[in-house]
Amino acid sequence: MRYVAVVGSGPAGYYTAEAAQKAFGDAVRVDIIDRLPVPYGLIRFGVAPDHQSIKAVSKRYEQVALSDNVRFVGNVEIGRDVSVAELQSCYDAVVLATGAPVDNRLDIPGSDLPGVIGSAAFVGWYNGHPDWATLDPPLAGPGAVIVGNGNVALDVARILSKTPAELAGSDICAHALEQLDRSGIVRVTLLGRRGPHQIAMTPKELGELGHLSRAQPLVEDADLPEPGADALLEPGMRKSVQHLRDFAATPIAAKPISICFDFFAKPVAIEGDGRAERVVVERTRLDDELRSIGTGETYVVPAGLVVSCIGYQTPAIEGVPYEHGRGRFANLDGRILPGLYCVGWARRGPTGTIGTNRPDGQAVVELIAADGAAGSGKPGRAGLDALLAARGVEVVTFRDWQNIEAAEIARARAGSPREKFVSIPEMIAAARAT
Ligand code: NAP
């Protein structure tokens, strides 16, 4: 028997388990360990609540979870309940699929003022992550600034702009829906430190902004390159830029919320009397290598809420080599140390789609197969269970998760697929309820 522990139950974790099942059949036992009592990581807590079709991929992970050779071991935190070294003493292979849930820091004066929030926290708040459920972001308005020109910036802009009716079919959690319903934000400014040809936004997600009932995306014609220059872009990027051109060409409608794209604009300071009140922005230009260079010219954008959507890092784990400059585990194609691997965003940083994790999972399983034969004599599951039992850890199983999920579905408001529990004690209580 080959014993594999996967740390993290998001897409990278489940695709790794799926690949292990396929490669080793009944000769493998995979334990997927998560610090939370609920599975699916980014799918539950990162993907926007109004993107239910993307979240549907969890049904595929459920098929993996329900097979006999894969277990979900929830409510177990590496470093608190069990160490990586202990996992390595129990399992033939340990795969870290811990994602990248830590915000890159917006390193400018004033970025620690109340009202300045990283996207992991803001997205976690509206998605009901237990770490962020009590965030209480300042939504009084009238201005909000979003830093960054990626898809997360788009998610945040859209959630700040949608009406409760537009969020009806989503699984946004009740506290966020209530607070957003009272929001006074009428101007959302997206700051891109480079130009329209350098955005990291995909066409489908950008196009959605053009169909919001109470918000209009605004792009300055002057920021757009000559139309002929789009021919050099790859097709997806060309479509995205076409959306920006369409936004620039759309007459201003009488919609109460404006989503303003400020290109060639980087934040240099956040100011306010004890809380964020305005962002000082420097105009930029691009150098020959398409890097943004400050011009020295500044302007001010009033904002009580500043959400920085500038990428993420993988949290370091004691004893595991880490590449600080890149915010991920130090690894060579997924190998960290003998018997210790990483996959997904923990391996390559926070880029790509959910599907990108599938080949990652297959690749790490190929490494595991190449690196060692099964049958090392390690105790596997029994070893972990003994450690956790001795420490009094209350493990949550996949069956428990099914109880939690059933309770979330039962208490959902009309039209919503679920009403999430947002604290660990609530989740565990629902797991144990009969
Ligand atoms: P991202 O795609 O890497 O975008 C980060 C943005 O932040 C870039 O525009 C970057 O500009 C900017 N930035 C970085 N540091 C900055 C700084 N110090 N000051 C100002 N701007 C800064 O990251 P993301 O939006 O967090 O998305 C992460 C991944 O998840 C991506 O692969 C994304 O496509 C994916 N995602 C997909 C979906 C979807 O498909 N629906 C939804 C959400 C996320 P520069 O280019 O100048 O560095």
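Predicted model: local features only at pLDDT ≥ 70, side-chain atom pairs only at ≥ 80, totals over all residues.
Local features require pLDDT of at least 70 and side-chain atom pairs pLDDT 80 or more, while totals for chains, interfaces and linings use all residues. Residues are numbered from 1 along each chain as its sequence is written, and side-chain values use heavy atoms, without hydrogens and water.

The shell around the ligand holds 20 residues, each with a heavy atom within 4 Å of the ligand. Asn149, Asn151, Arg193, Arg194 and Gly352 come nearest. By class, nine shell residues are nonpolar, seven polar and four charged. Here Ala, Val, Leu, Ile, Met, Phe, Trp, Tyr, Cys and Pro count as nonpolar, Asp, Glu, Lys and Arg as charged, and the others, Gly among them, as polar. Helix 7 (residues 151-161) supplies the largest share, three residues. Helices are DSSP runs (H or I, at least four residues) and strands likewise (E, at least two), numbered from the N terminus.

A polar side-chain atom of Arg193 lies 2.7 Å from a ligand oxygen. A polar backbone atom of Asn149 is 3.0 Å from an oxygen atom of the ligand. On the side chain of Glu205, an N or O atom sits 3.1 Å from a ligand nitrogen. The ligand alone exposes 920 Å², of which the protein buries 76%. Accessible areas follow the Shrake-Rupley method with a 1.4 Å probe; for residues, only the protein chains shown count as cover.

In helix 4 (residues 58-65), Ser58, Tyr61, Glu62, Val64 and Ala65 are buried. Buried means under 20% relative accessible area, exposed over 50%, and partly exposed in between (1.4 Å probe, protein chains only). Viewed down the helix axis, the buried residues of helix 4 fall within an arc of 155 degrees, so they line one face. The arc is taken from the directions from the axis to the C-beta atoms. These residues pack against helix 1 (11-24), helix 2 (42-45), helix 3 (52-55), strand 3 (70-73) and helix 14 (398-410). Contact means heavy atoms within 4.5 Å.

Asp400 is found in helix 14. Asp400 is buried, at 11% relative accessible area. Its side chain makes a polar contact of 2.9 Å with the side chain of Arg432. Beyond four places in sequence, Asp400 touches Val395, Ala431 and Arg432.

Ala174 lies in helix 8 (residues 174-181). At 29% relative accessibility, Ala174 is partly exposed. Ala174 touches Arg413 and Glu419, not counting residues up to four places away in sequence.

Definitions and conventions. Polar contact = N/O pair within 3.5 Å; in protein donor to acceptor, adjacent residues only side chain to side chain.
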